[in-house]
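Please keep the sequence and the model in view while reading.

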Amino acid sequence: MELVDKDEILFYISKETIQYEALEKIGRYLTDEELDVAKEGLEWGLMTDIDSVYNTILFEMLQKE
């Protein structure tokens with residue numbers, strides 16, 4: 001059995017990623033205040049229905065057995 005790294009990050013969005021997206025979409029980098037808003041929006045958006053995401057992932061795993 002393979003050892004599992006319990007601290008491994010499975011999904012990561014950095015400030016650099018957000019700044020790249022802002023530059024691509026609105027033509028400038030975000031201020032610190034705007035980054036705070038972006039962080040809150042990401043947390044809300046990603047956590048709003050995380051149970052559905054987990055259920056879908058686990059359902060897919062069971063289908064492959």
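D32 is exposed, its relative accessible area being 59%; here buried means under 20% relative accessible area, exposed over 50%, and partly exposed in between (1.4 Å probe, protein chains only). This residue is placed in helix α2, which covers residues 32-47; helices are DSSP runs of H or I with at least four residues, numbered from the N terminus. From E8, D32 is 24 residues away in sequence and 28 Å away in space, C-alpha to C-alpha.

The model is predicted: local features need pLDDT of at least 70, side-chain atom pairs count only at pLDDT 80 or more, and totals for chains, interfaces and linings use all residues. Residues are numbered from 1 along each chain as its sequence is written, and side-chain values use heavy atoms, with hydrogens and water left out.

Side chains of opposite charge can pair when their charged atoms come close. A salt bridge requires a side-chain nitrogen of Lys or Arg within 4 Å of a carboxyl oxygen of Asp or Glu, and by this rule there are two salt bridges. One joins K25 to E21, with the closest N and O atoms 2.5 Å apart. Because K25 and E21 are four residues apart in helix α1 (residues 15-26), about one helical turn separates them. K25 is exposed at 63% relative accessibility, whereas E21 is partly exposed at 33%. R28 forms a salt bridge with E34, where the closest N and O atoms are 2.7 Å apart. R28 is partly exposed at 38%, and E34 is partly exposed at 25%.

Helix α2 also contains M47, which is exposed with a relative accessible area of 54%.

How values were computed: Helix = DSSP H or I, 4+ residues; strand = E, 2+ residues; numbered from the N terminus.
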